[in-house]
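Here is a short briefing for a first look. Take it alongside the sequence and the model.

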Amino acid sequence: MAAVAANPSATAEDPEPQREAVPGLESQRRQIENVESGRERPLRAGESWFLVEQHWYRQWEVYVQGGAQDSSTFPGCINNAKLFEDQINWCLKKGLVEGEDYVLLPSAAWHFLVGLYGLEQGQPPIERKVVELRGTQKVEVYPVELLLVQHSDMGTPHSAQFSQIDSIDLVLRTAREKFLVRPEKETRLWVKNSQGSFERLCNTRVTVLDAALKSGQLVVMETRSKDGTWPSTQPQAGNKASKEDEDFQGQPGICGLTNLGNTCFMNSALQCLSNVPQLTEYFLKNRYLEELNFCNPLGMKGEIAEAYADLVKQAWSGHHRSIVPQMFKTKVGHFASQFLGYQQHDSQELLSFLLDGLHEDLNRVKKKEYVELCDAAGRPDHEVAQEAWQNHKRRNDSVIVDTFHGLFKSTLVCPDCGNVSVTFDPFCYLSVPLPVSHKRVMEVFFVSMDPRRKPEQHRLVVPKKGKISDLCVALAKHTGVSPERMMVADVFSHRFYKIYQLEESLSGILDRDDIFIYEVSGRSAICENSREDVVLPIYLRERTPARDYNNSYYGLMLFGHPLLVSVPRDRLSWDSLYHILLYRLSRYVTRPSSDDEDDGDEKGAPVTSYPILADVAAKDSIPKPGHVAGGSSQNPGPEQAGPSSGVAGGSRAPVNNSPGPSHWPQRARRKHLFTLQTVNSNGTSDRSNFNEDTQAQPYIAIDWEPEMKKRYYNEVEAEGYVKHDCVGYVLKKAPVRLRECIELFTTMETLEKENPWFCPSCKQHQLATKKLDLWKLPETLIIHLKRFSYTRFSREKLDTLVEFPLRDLDFSEFVKPHNESAPELYKYDLIAVSNHYGGLRDGHYTTFACNKDSGQWHYFDDNSVSPVTENQIESKAAYVLFYQRQDVARRLHPQPDLSDPPAPPACGQPPNTEFMDVN
């Protein structure tokens, strides 16, 4: 080219372009120095400029300014040799100065000169980028020089230069080229910081400047192992085990998850999600890498998506029998504090968090716009539904939306003005209620007035929203005792925690409460003054030596079951009460024989005919129904009582000015087995020592000396009870079909008082009627069976058997509108089930899942995996169901040609092999 420029007499036969195409010298000067494309052009970020050696450029200026193509001033080929340190690596010399060592030309001017004069053979062009630093545009003459190494060979660095506006993705691609990494291999980058530790370069779309990379920094490229793990996550001690896993080759996806401590709920949710074919393929084929959203304020900076991707790649590598999800557990706990620690949680709750986290981490919408929700306002449903879905997609567009999101129609009707509000809302899963029985089974103990009969345990079926009277009526059918002659009490820690009224609700009684129903005389008229029988609550206490230097003080401890005893009003004396109680305790208290009788035993109580306290005889002797024992419900320990408190009158005067207990004669004709004392509702102190209401009903305590109790009180017999035949009965729960649950979900309901709707027409909160209808179904439908019921007073798990189909679940009648020309849009096949065994406080989660490649069903129980048959999948433990639409299954597994090898069997059609039973 230089020869052509120097020889204007080149012939037409020359293979080079004709001389007429070469612009004149003045034209060349104007082209290089003009404002639009020459040296005077303003700098713009991202553009490329080129360095030209200062001496050559000055020579060229002399040449074009001379006005004649004199060969003596011709500059020749562009030669930048003086700018390089050497001619091997072609690195620029340090400290070069613009205007002294080089000039800068924009891309158009550079290519114009190279086209005319050429570039010295073997020399690379010195291209540099324009970068914007702190609002100033400048040409980056000296780019960032990074040292690239492989994780497997940290001692052999390779130098590479990058502009500050180059992306980290370019750094990664450069490293892959240098280390000859195959295209199918997955890689990631780490950078060594100034503290000597390594940090992940997660977002490959940011620039070198944004990543704050400096010249001389070490950048490590790590390649994922064939078993799906990253070498940096494997501890040194686990290298041997890792090599053994690499040698193991099993069916991809058939991989257990280690229980880290109450993490079976997490394992179950992960196994279900891992067996959703299109989602797993999305991660296995690395499509998620292009959609990671690191700047979403609602997301988790891509960390949840990457942690889940690591799990999927390991589970589907075929090189693991089981894996330890420790890193995933740590990430979940970091972003959702409710999952910190190792408490048991709900698999559906974790699933909800995980789907939302994956969606936000993979949301293709980088900046969410404000979208105003619009009501139907009389417009056609299809128009409003399309608008609602488009608005949803304007803010939410991810693989999770593509796979799991649907749309339902919500219709609210105001009961006052009749205003109808129609909205369309997206959903990620359906939480369907189970048809709930209106009956409840309660276990109670019936205590008869006949002392010879042991307490009877009964299992009663009562209305869930019933009253205490319903409980008595149900018991009356078993015992023949009139409900009016029953009193119901909650017994806790040897005392009456609460004595119920007949009109109180059964919802206040928990399943774990110990409920005793006592037979009394004339319960319905117990509060009428005309009745002569009253009811006294009786506690049992034992006197024990107190830890005190003064042996005259003793401790008193409650024991046994308390009683409600009917006493004739005319027999309200200590002596009469003693004999009545001795009769009621006769089944397990032995009467002393004549040989045991003596004169004046100090430990015996005096026999008197004095009445009990005046207020007891003067008013009803039944504690006010609905009374809850005061103080703590726990046994506060032994109380201190004086030695003269055998029959305590407290501060109350006996009837007819009879002498008080302290004035009673000390001589007794017969030994008593126990002493009697009035106490408070806790049964642990004399009422005179408490700040109780002086008008409150006194409780009576039977106090035993240890020797007397050991000799005459039969503890085994006292604790004995019999089971009524009804205890063996089991309330049969008829199975329900999944169809019934969906029908219940779409049934019209009235809003509760706690959740009213604000009617825009009435301008008031109304208890409107609400109805949900399915409008658009997702590719994969998650159905959550609401087995756990929580109310103010009770918590229970519904272990009803829900019958669900493994294939051909048809939603056509539930979807509005229904497209009859595409029935496959409404038919689903089961692909996974999350199971829950046990109750509310303790339980265990497992998974049934169909492998997308083999079509074989497997049972995942933490790190244990075993094949199962179809008839084992349906059980009372089914909690969350995963269904895949049939058209999606055909798209993922198209029908093969006759010449193709046979495709794997569909889910629900397992190959002929041996199976293990699921216990």
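The points below cover a strand, a helix, the nonpolar cores and the salt bridges.

This is a predicted model: local features need pLDDT of at least 70, side-chain atom pairs count only at pLDDT 80 or more, and totals for chains, interfaces and linings use all residues. Residues are numbered from 1 along each chain as its sequence is written, and side-chain values use heavy atoms, with hydrogens and water left out.

**Strand β40**
- Strands (E, at least two residues) and helices (H or I, at least four) are DSSP runs, numbered from the N terminus.
- Buried means under 20% relative accessible area, exposed over 50%, and partly exposed in between (1.4 Å probe, protein chains only).
- Eight of the eight residues of β40 (residues 878–885) are buried, so the strand is largely enclosed by the rest of the structure.
- Strands pair if DSSP finds at least two bridges between them.
- Strand β31 (residues 780–786) runs antiparallel to β40, joined by five bridges. Here His784 stands opposite Val880.
- Strand β36 (residues 827–838) is also antiparallel to β40, with seven bridges. Leu830 stands opposite Tyr883.

**Helix α11**
- Helix α11 (residues 347–361) has 15 residues. Of these, 12 are buried, so the helix is largely enclosed by the rest of the structure.
- The buried residues include Leu350, Leu351, Leu354 and Leu358.

**Nonpolar cores**
- A nonpolar core is a set of buried Ala, Val, Leu, Ile, Met, Phe, Trp, Tyr and Cys residues joined through side-chain atoms within 4.5 Å.
- The largest core has 52 residues, of which Leu273, Phe283, Tyr308 and Phe882 touch the most other members.
- Helix α9 (residues 303–315) gives the most to this core, with eight residues.
- Another core, of 45 residues, lies apart from it; Leu585, Tyr588, Phe674 and Ile702 are among its members.

**Salt bridges**
- A salt bridge is a side-chain nitrogen of Lys or Arg within 4 Å of a carboxyl oxygen of Asp or Glu. The count comes to 48.
- Asp397 and Lys393 form one of them (3.2 Å, N to O).
- Arg807 pairs with Glu870, the closest N and O atoms being 2.8 Å apart. This pair links distant parts of the chain, 63 residues apart.
- Arg807 is partly exposed at 32% relative accessibility, and Glu870 is partly exposed at 25%.

Conventions. Expected span 1.5 Å × (residues − 1).
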